[in-house]
Amino acid sequence: MNLGAVQQPILPGSVIGILGGGQLARMTALAARAMGYRILVLDPDPHCAAAPVADAVVAAPFDDPHAALQLARQCSVVTYEIERIAPAVLHAVAAVAPLRPSASVLERVQDRMRQKRFLERHEFPVGPWRPVNSAPELQSALAELGACRVKRSQGGYDGRSQMRLKSCADAHAAFAQLGGTCVAEAELALAAELSVLVARSRQGETAVYPVAANWHDDGVLAYTLLPALIDPALARRASALAVSLAEVLDLEGLLVVEMFVTQSGELLVNELAPRPHNTFHAAGECCATSQFEQFVRAICGLPLGSVELHGAAVLLNLLGREAGDAAADAAAALQIPGVSLHLYGKQPRPRRKIGHLVARGGDASQALHRADRAAQLLGLSPGVSDVKGCPIACPGLEEPSAPFLR
Ligand SMILES: Nc1ncnc2c1ncn2[C@@H]1O[C@H](COP(=O)(O)OP(=O)(O)O)[C@@H](O)[C@H]1O
Ligand SMILES: [Mg+2]
């Protein structure tokens, strides 16, 4: 590879390769195409969500180095939108094209156990956890930690491949069901869930988005408020933590750090994602630069965009249901001012993410009330005001900047 050429910005007109063709690749491709780039996607499904907006799809599994090479040879830069890319694919790609973020970033985060060890080695705060390679090890973890979340080390997402366990008696059945290597995490009493998005370019330039507050239902993200209504000192701590993680990883691209705030006031890292993230979809509506445009800028070595905030916005995830035309249903929410609709063109299966709404407002109160109306109109469950800790139910919210958490 010609290193001199690699240092140059990758200019519009060039081809960007994306490993993974889900909704994150689709929205990245839309932003990249608007800027004049061309897009190649690798995904096992030739009809993946990104297919209609990519220039071409290489249909192959994520452990096929030959297919990945075929893609990489046509690209000026390659990135990924999911974690489960085989190391052999990452290394094959990196041998012929710049891979951003690097293979070593993904290798450090794609396995939960390795990720936790990496975090501990660099003294980032994580909750109590134990490695679990057998049912007896799971029993000991439960005896030591009490109630636990047991998570498969590889491949889980949206609350899948994890279980809540209370007693040692459940260990054998749970381990048999999860199988393989797992981590057992102490079940934490959470005051809030936050996430921070950092963009970092090859030159070391960083841009940190305002902190987001997230509410999950059964392990799946339901709502995000951007910016979180939190004490500025907590926001500064969360942002500094994410920036130092991006530096330790020598990141080129995006990093999202999911964080827990416990009821005793600790700020802990939950997990890392070196790519665009569901909790920052609303940045497209309320920040000067969407996360997808920022991603393209960061991996292409262009100047990063402003993350200046305009008002506030709530993201509402749309999940597949048993029946009904989800797209037509969701369009009904467009009658509410400030609401925009994003659909991914995916077949609706129960609890599958098929799209999202963003409710924008001049401040958090207006955005939350618009999101609440949209959720009611579409019959989303839980509603915005039903989620535990949602500030819409907080009496101080009439004063828009009132922090609900310190
Ligand atoms: N140790 C824990 N204590 C309390 N809640 C947890 C814990 N681990 C996960 N959760 C809840 O489950 C959600 C999904 O877990 P996470 O580890 O982030 O998996 P995923 O990769 O599926 O997002 C979290 O956002 C949080 O709401
Ligand atoms: Mg998560």
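Student: How far apart are the centres of domain 1 and domain 2?

Tutor: In this predicted model, 34 Å separate the centres of domain 1 and domain 2, taken over C-alpha atoms. The domain assignment of the protein chain places domain 1 at 3-99, domain 2 at 128-186 and domain 3 at 190-398.

Student: Which of these domains supply the shell around ligand 1?

Tutor: Domain 2 (128-186) and domain 3 (190-398) each give at least three residues to the shell around ligand 1. At least two residues of that shell come from each of strand 6 (148-152), strand 9 (190-200) and strand 14 (267-273). Of the 17 residues around ligand 1, the ones that come nearest are Arg149, Glu185, Leu188, His216 and Gly219.

Student: How many residues of the shell around ligand 1 are charged, and how many are polar or nonpolar?

Tutor: The shell around ligand 1 has eight charged, six polar and three nonpolar residues. In this division Asp, Glu, Lys and Arg count as charged, and Gly is placed among the polar residues.

Student: Turning to the helices, why is helix 2 called roughly perpendicular to helix 11?

Tutor: Helix 2 (residues 23-34) and helix 11 (residues 291-300) pack with their axes 8 Å apart and at an angle of about 70°. Angles of 65 to 115 degrees count as roughly perpendicular, and helix 2 is therefore roughly perpendicular to helix 11. As for handedness, helix 2 passes helix 11 in a right-handed crossing.

Student: Which residues make the contact of helix 2 with helix 11?

Tutor: Helix 2 contributes Met27, Thr28, Leu30, Ala31 and Ala32, while helix 11 contributes Phe292, Glu293, Phe295 and Val296. By class, the contact of helix 2 with helix 11 consists of seven nonpolar residues, one polar and one charged.

Student: What makes helix 3 roughly parallel to helix 4?

Tutor: The value to set against the cut-off is an angle of about 30°, at which helix 3 (residues 65-72) and helix 4 pack with their axes 9 Å apart. Angles under 35 degrees count as roughly parallel, so helix 3 is described as roughly parallel to helix 4. The crossing of helix 3 and helix 4 is right-handed. On the side of helix 3 the contact is made by Pro65, Ala68, Leu69 and Ala72, and on the side of helix 4 by Ala88, Val89, Ala92 and Val93. The contact of helix 3 with helix 4 has eight nonpolar residues, with no polar and no charged ones.

Student: Which residues of helix 7 meet which residues of helix 8?

Tutor: Ala135, Leu138, Gln139 and Leu142 in helix 7 meet Ala171, His172, Ala174 and Phe175 in helix 8. The residues of this contact of helix 7 with helix 8 divide into six nonpolar and two polar, with no charged residue.

Student: What is the omega of the cis peptide bond that joins Arg100 and Pro101, and where does Pro101 lie?

Tutor: For the cis bond between Arg100 and Pro101, omega is about -5°, and Pro101 lies in the loop between helix 4 (87-94) and helix 5 (103-109). The peptide bond from Ser381 to Pro382 is also cis, with omega near 0°, and Pro382 is found in the segment after helix 13 (364-378).

Student: What is the phi of Asp218?

Tutor: Asp218 has a positive phi of about 55°, although Asp218 is not a glycine. Asp218 sits in the loop between strand 11 (212-217) and strand 12 (220-226).

Note on methods. Residues are numbered from 1 along each chain as its sequence is written. Chains are lettered from A and ligands numbered from 1 in the order in which they are written. This is a predicted model: local features need pLDDT of at least 70, side-chain atom pairs count only at pLDDT 80 or more; totals for chains, interfaces and linings use all residues. Two residues are in contact if their C-beta atoms, placed from the backbone, lie within 7 Å. Helices (H or I, at least four residues) and strands (E, at least two) are DSSP runs, numbered from the N terminus. A residue is near a molecule or strand if its C-beta atom, placed from the backbone, lies within 6 Å of it. Domain bounds come from an automatic or database domain assignment. Axes are lines fitted to C-alpha atoms, for helices over the stretch in contact, and angles run from 0 to 180 degrees between N-to-C directions. Angles under 35 degrees count as roughly parallel, over 145 as roughly antiparallel, 65 to 115 as roughly perpendicular and the rest as oblique. A crossing is left-handed if the near helix is turned anticlockwise from the far one by less than a right angle, and right-handed if clockwise.
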